[in-house]
Amino acid sequence: MKLSKRLQAISDLINPNSKIIDVGSDHAFLDIYLNKYKNCECLAIDKSKFCTKTAIENAKKYEANIIAVTNDGLNNIKLNDEIIVISGMGTRNIIKILNFNITNDLILSSHTNIDELKEFLKSKKYYIEKEVIIEDGKTYDIICAKYKGGTNEYNK
Ligand SMILES: C[S@@+](CC[C@H](N)C(=O)[O-])C[C@H]1O[C@@H](n2cnc3c(N)ncnc32)[C@H](O)[C@@H]1O
């Protein structure tokens, strides 16, 4: 299974055996890859029933063990220590999804208003641990952000 350069770059940022919640998973190729090749536990969330159906069909096809659900963002999803991945959406949508008392590690790839996303993260007491720029026809910005509320690391 071959991922796009952008999704491969996101996968490369994730350690084996991680727990992932992928919001806006669409086809769930990232989750399928992470489960099959990095033994990650993945919850693929999409607001479109059609995408969830496609994700489930793809998981069967590639013999991956992921969970795919239809849901609006993280509403009513119980969070523990999962890494939350949101990619292929605009900043406004990402902010709507994350605008609560979130502390999970984040991997975000927005295709609009990166500066606004960075400001939002700062306001939520996150710092940017890593930023990767990928050229794949277009330029993609991938941000790894961690919550450091109340500690000096926030100022990194
Ligand atoms: C362009 S696709 C990105 C797919 C994949 N994450 C990637 O990076 O290639 C965006 C997906 O986000 C989903 N989406 C948008 N807003 C959402 C929300 N609030 N909750 C869940 N899914 C959402 C859309 O239905 C669509 O399938």
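Two residues are in contact if their C-beta atoms, placed from the backbone, lie within 7 Å. Keep that in mind as we walk through this predicted model, where local features need pLDDT of at least 70, side-chain atom pairs count only at pLDDT 80 or more, and totals for chains, interfaces and linings use all residues. Residues are numbered from 1 along each chain as its sequence is written.

Let's start with Ile133. This residue sits in strand β6, residues 126-136 (strands are DSSP runs of E with at least two residues, helices are runs of H or I with at least four, and both are numbered from the N terminus). Setting aside residues up to four places away in sequence, Ile133 touches Thr139 and Asp141. Is Ile133 buried or exposed? Ile133 counts as exposed because it has 9 C-beta neighbours inside 10 Å; the cut-off for exposed is 12 or fewer, buried needs 20 or more, and partly exposed lies in between. Ala9 is 124 residues away from Ile133 along the chain, yet their C-alpha atoms are separated by 9.1 Å.

Beyond neighbours within four places in sequence, the contacts of Ile66 are Ala28, Asp31, Ile32, Asn35, Cys42, Ala44 and Ala59.
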